[in-house]
Amino acid sequence: MKNYILTFPNQFKKGIEAVKDIKIREKFDNVIICGMGGSAWPAELLIDLINFNPSDWRVQNCNILVNKNYNLPYLSGNRNLVIAISYSGNTQETASCFNKALEIGAYLIVITTDGKLEKLAKEKKIPAIILPVEVSVPRLGCGYTFSSLYKLLANLGIIKQKDEEILKMARSLEPLELEPKGRKLAEKMEGKIPVIYSSFELKTLSYIWKIKLNESSKIPAFCNWFPELNHNELSSYEVVNKIQQTLGNFFVIILCDQEDNLKIKKRIELTSEIVKQRGYDVEVIKLSGKNVLERSFKSIILADWTSYYLAIKYKVDPLSTLLQEKFKREMENLQ
C-alpha cells in the first residue's frame, strides 16, 4: 500500500492515455455513471468539481449523475449515455446496469481493468476503456478512474479539455511530504471512531475519507456536511458521557477549504468549539494547494496515509477486503 501511495501521481497520465481512442460526436440529455464504492466516488468527486465552478468546466448543458444501484433511474429525454465503471469488472450492480442500458438502447461505454464487464463489452461490441492493472484495489486506483472519466467526458464534448491542468496538478502532488501529517493524525485517532465533516460542495471528499478509514483501517467511520449537520447531528454530542461509555469516543475531523462560503467557515468554527466543549477531540484540516482540484487530491493522499498508519496500529492488512469478498460469495450463492 505504501508503494501505491508514493506512486499515486503517475496514475493520472495513464488514465488520460487510456481514453485517447474513444470519441463519439453526439449531444446527450443525460449522462448516467454507474458504479459502486471506489469505482463510483471518483465520478462523484469529478461532478463536485464541475459544480464547484461550472463555467470553468462545462461545455454541454446535460445532466450528469452517479447511479449506485442495480437499476437505472428514470430518465427524461431520448439521448442517454450510460458509463459503466467497475474497476474489477465483476461488480454485480454495474453489470446489471450495463444490461439495462442495452435493453433501453442507451449509448453505452465501459471503464474497467478486466473481468466479466470487459468480456461483455467485447461480446456486445461496446466501447471499453481498459485501465492499467497496477493497483489491486479500486480506492487506491482512483487516479486512473478519475482521469479516464474526465478525459472521456472531455472527448465527448461534455466538459472542457483540461489535460495539462490535470497533469500539472498530478506533478504537484508530493505524497512523501504528507506522510508525517498522516502518521501524526493516525496516532491521535487510535482507539477512536472518526467522524468527518466538510462543506456541502466538498461532501464527496468527506465520504472518501470515510471509505479509506473503513476499508484500509477496518474501522467504523462516518461523514456529514455543513450546513445540514448543524440541523440534526450536532444534537448527538449533547449526552457526551453516556455515548462515550456505550459507543466509544469519537474523533471529529473537519475538512476546511479556503473557498468555503464565509458562513460555512463560521459554522465550522462554532461547531468545533461546541464539540470540544463536550469533551471530544476535533482536528480542523485546512486543505492546501493552488486550486480545489489540487487540494482535493492532496487531501485524498493524506487520508491514505492516515488509514495506512491506523491499519499498522490495529495490525490489519490495509489491502485486504475479507468481509466484502465473503459477502460477495454468499450473495452469488443466493442467486
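Modeller: The model is predicted, so local features need pLDDT of at least 70 and side-chain atom pairs 80 or more, while totals for chains, interfaces and linings use all residues. Residues count from 1 along each chain, and side-chain values use heavy atoms, without hydrogens and water.

Biologist: How many aromatic pairs are there?
Modeller: Rings of Phe, Tyr and Trp (its six-membered ring) pair if their centres lie within 6.5 Å. Planes under 30 degrees apart are stacked, over 60 edge-to-face, the rest tilted. By this rule the count is 12.

Biologist: Which kind of pair do F12 and F297 form?
Modeller: F12 is in helix α2 and F297 in helix α13, 285 residues apart. Helices here are DSSP runs of H or I, at least four residues; strands are runs of E, at least two; both are numbered from the N terminus. The centres lie 4.9 Å apart, with 90° between the planes. The pair is edge-to-face.

Biologist: Is F12 buried or exposed?
Modeller: Buried means under 20% relative accessible area, exposed over 50%, partly exposed in between (1.4 Å probe, protein chains only). F12 has 0% relative accessibility. So F12 counts as buried.

Biologist: Which residue has its charged end over the ring of F200?
Modeller: A charge sits over a ring if NZ of Lys or CZ of Arg is within 6 Å of the ring centre and within 35 degrees of the ring normal. Here the distance to the centre is 4.3 Å. The residue is K203.
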